[in-house]
Amino acid sequence: MAAIVTGLIPILRTAVDSTATYKGRTMWFGLLCIRLVTIFLAQFPWKSLNDDFICNNSSQFCIKACFNEHFDRSIVMAWHFLFILLVLSVLLMELFSSHLRSSFQKKKEKEMESESEQGAVIDPTMTVGGRLMIDLHKSKSSLVVYLFSLMLRIVVEIMFVYVLLFWVLPKLDKSVYVCELSFKGCSVQQCVVRGAAEKTMSVYALLFISALVIITSSGFFFYSIVHYL
């Protein structure tokens, strides 16, 4: 439990402490927290995967060989890697909003020092509830980055769904697996994965969160195109 709290603290701190915000920012950080909690809970049934793989052969060598043949791709590490990509898609807009606000503040300071009346700087931000909100109507570059971050989020979630549907679920769709090895001393054997129902349920939970993020991100993406362009 300590690991999940440790992971949530920097996400929540970033969401609360920022002085600049943009449309949907709180929701994106909220979805990241939900994703982190879901991955943390979903990986519990997979922690003992090595011990849950049982074959009707007493040879540990043959059982491990069948295990490597059946689970030929990383599962939990793929979840973690895709979660990192999701975090990067959110931080992309965070870094850009911070850079945008800093650059316009510097331009305003130079304008005040020179007391020039020409070339007034258009500030693409407005103050909402004590925070500076980026106005996507005024800054097309902000809108492009915002749409790119949404598209990146959708792509990562589609990759997540692909991994779950084509990497993970096919490994759990049979009650008994026939393992045929060419190794000497390892005959044809039957193997099972213990706790398949719990592992399948954890995959469905991750699929639900991915579907939620895809629908939400797609809605914001098309709304932003129609509303701001």
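Two strands count as paired if DSSP finds at least two bridges between them. With that criterion in place, I shall begin with the sheet of this predicted model and then turn to the helices.

The sheet is open and has three strands, in the order β2-β6-β5, and the pairing is antiparallel. Which strands stand at the edges? They are β2, residues 53–55, and β5, residues 177–179; each has a single partner strand, so one side of each is left without a neighbour in the sheet. Direction ignored, neighbouring strands here are turned by 35° against each other on average. Between β5 and β6, the latter spanning residues 189–193, there are three bridges, and the two strands run antiparallel.

In general, two packed helices are described by the angle between their axes and the distance between the axes.

Let me take α2 and α7 to begin with. Their axes come within 9 Å and cross at roughly 165°. With over 145° counting as roughly antiparallel, α2 and α7 are therefore roughly antiparallel to each other. The crossing of α2 past α7 is left-handed. On the α2 side, the contact is made by Met27, Trp28, Leu31, Ile34, Arg35, Thr38, Ile39 and Ala42. On the α7 side, the residues include Ala205, Leu206, Ile209, Leu212, Val213 and Phe220. Sorted by class, this contact of α2 with α7 has 12 nonpolar, five polar and one charged residues.

The next pair is α6 with α7. These helices pack at an angle of about 155°, and their axes are 9 Å apart. That angle makes α6 roughly antiparallel to α7. Here too the crossing is left-handed. The contact of α6 with α7 has 21 nonpolar, four polar and three charged residues.

The remaining pair is α2, residues 25–42, with α6, residues 140–168. Their packing angle is about 15°, and the axes lie 14 Å apart. This makes α2 roughly parallel to α6. The crossing of α2 and α6 is left-handed. What makes the contact between them? From α2 come Trp28, Arg35 and Ile39, and from α6 come Tyr146, Leu150, Arg153, Glu157 and Phe160. In terms of class, the contact of α2 with α6 has five nonpolar, no polar and three charged residues.

Finally, a word on confidence. The mean pLDDT of the protein chain is 80, and 72% of its residues reach 70 or more. Where is confidence lowest, and where is it highest? The lowest is in helix α1, residues 2–17, at a mean of 51, while the highest is in helix α7, residues 196–228, at 92. Where pLDDT is low, the predicted coordinates should not be read in detail.

Notes:
Residues are numbered from 1 along each chain as its sequence is written. This is a predicted model: local features need pLDDT of at least 70, side-chain atom pairs count only at pLDDT 80 or more; totals for chains, interfaces and linings use all residues. Side-chain values use heavy atoms; hydrogens and water are left out. Axes are lines fitted to C-alpha atoms, for helices over the stretch in contact, and angles run from 0 to 180 degrees between N-to-C directions. Helices (H or I, at least four residues) and strands (E, at least two) are DSSP runs, numbered from the N terminus. Angles under 35 degrees count as roughly parallel, over 145 as roughly antiparallel, 65 to 115 as roughly perpendicular and the rest as oblique. A crossing is left-handed if the near helix is turned anticlockwise from the far one by less than a right angle, and right-handed if clockwise. Contact means heavy atoms within 4.5 Å. Ala, Val, Leu, Ile, Met, Phe, Trp, Tyr, Cys and Pro count as nonpolar, Asp, Glu, Lys and Arg as charged, and the others, Gly among them, as polar. pLDDT is the predictor's confidence in each residue, from 0 to 100.
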